[in-house]
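Please read the points below with the model open. They are meant to be checked one by one.

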Amino acid sequence: MLKNKYILLFVMAVINMTAFCQQAEDTLALITEFKKVMSFTTQQYMHYETITKLSAEPVIESIDTMSIKGEFFKNGTEIYSNNQKEELYMQDSFMVDINNDRKTIWISKVDVSSKEKMNILPLHEKALSDMFKKNFHISKSKINADIYRISFKERIAEYSTSSTSTSITLEYSVQSFLPNFIEIEINLKQPVDEAMIVSLKEEGYDELKLIKEFDGKKYLIRKQVMKILFKEINNEKEHVVKMPSYKDCFEFDLETQEYKAKGFYSGYEITKTF
């Protein structure tokens, strides 16, 4: 239950992050700056590495303290990403999803228009903007002559007894307008009854770590943080020729008329969806 909630909350946070472009006029300059920094991924050629660090209080499962390395390539509409556990190729007319834990390869067809949509950041979705624009405080702080931070902090109703609050911090260089890191922090405070406490125990969680009492009422309290550090950002065409190719993962067997995994991926199960 909590694992699903963990994933859901981080998805909510990412959605929230895309909603800031339509905020009030007095924050327009900061919104524009935020958009400018985050639009670096839409450039024609792009390569960067990431380290994603997950932390939580209290720590209750292994996912709470993970550190994951990632890599991203983009050459026009051709894309490759890798987060160790999973690889994604969007090349030629294929979308290839490789799960290295399950040793599976999913091959799908993708059209050019779908690939081109990957160049568009979802920063102009009015419905999301209208929903979230009134719910965040936005501020900017100076770290040194080149490094600044833009912070978004969700407002919480004064008399709320249950809340999930999201804070997002973007650190970047004002010289290059490239990000150093983006951090998403989620604080959960949810009232619980005895039935929920029993359910937590049955799922193997230590309720003493999760449940706190305020004014005679019991709450589930959690803080979860995801921090993505960006490294080696490069937008030169010559650099993206190093992009891995799906052709190194499998080949088409003319005799059997089937796709066959090869090289490092020999033995992986292939599923074709077309």
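The numbered points start with the basis of the values and then go through the model region by region.

1. Basis. This is a predicted model, in which local features need pLDDT of at least 70 and side-chain atom pairs count only at pLDDT 80 or more, while totals for chains, interfaces and linings use all residues. Residues are numbered from 1 along each chain as its sequence is written, and side-chain values use heavy atoms, with hydrogens and water left out.

2. Overall make-up. The protein has six helices and 15 strands; helices (H or I, at least four residues) and strands (E, at least two) are DSSP runs, numbered from the N terminus. Of the 274 residues, 39% are buried, where buried means under 20% relative accessible area, exposed over 50%, and partly exposed in between (1.4 Å probe, protein chains only). Among contacts (heavy atoms within 4.5 Å) with a separation of 6 or more, 58% join residues 24 or more positions apart.

3. Strands β1 to β3. Strand β2 (residues 67–75) pairs in the antiparallel sense with β1 (residues 45–57) over nine bridges, and also in the antiparallel sense with β3 (residues 78–82) over five bridges. Pairing here requires that DSSP finds at least two bridges between the strands. Phenylalanine 73 in β2 is the bridge partner of histidine 47, and phenylalanine 72 stands opposite serine 81 in β3. Two residues separate β2 and β3 in a hairpin, and glycine 76 in the turn has a positive phi of about 65°.

4. Lysine 74. This residue of β2 is buried without a salt bridge, and glutamate 78, the nearest side chain of opposite charge, is 10 Å away. What lies 2.6 Å from a polar atom of the lysine 74 side chain? The backbone oxygen of glutamine 43 does.

5. Salt bridges. The count comes to seven, a salt bridge being a side-chain nitrogen of Lys or Arg within 4 Å of a carboxyl oxygen of Asp or Glu. One of them joins arginine 222 and aspartate 64 (3.3 Å, N to O). Arginine 222 is in strand β12 (residues 217–234) and aspartate 64 in the loop between β1 and β2, so the pair links distant parts of the chain, 158 residues apart. Arginine 222 counts as buried at 3% relative accessibility, and aspartate 64 likewise at 0%.

6. Glutamate 171 and arginine 149. The closest N and O atoms of this salt bridge are 2.6 Å apart. Because glutamate 171 lies in β9 (residues 163–173) and arginine 149 in β8 (residues 147–154), the pair ties together parts that are 22 residues apart in sequence. Glutamate 171 is buried, with a relative accessible area of 11%, whereas arginine 149 is partly exposed at 30%.

7. Helix α5 and the following loop. A side-chain oxygen of aspartate 193 lies 3.2 Å from the backbone nitrogen of alanine 195, capping the N-terminal end of α5 (residues 194–202). Glycine 204 follows α5 and has a positive phi, near 90°. Tyrosine 205 sits in the loop between α5 and α6 (207–210) and is buried at 13% relative accessible area. The C-alpha atoms of tyrosine 205 and glutamate 61 are separated by 8.9 Å, although the residues are 144 apart along the chain.

Technical notes:
Lys and Arg count as positive and Asp and Glu as negative; His and the chain ends are not counted. A polar contact is a pair of N or O atoms within 3.5 Å; within protein, one must be able to donate a hydrogen and the other to accept it, and residues adjacent in sequence count only if both atoms are side-chain atoms.
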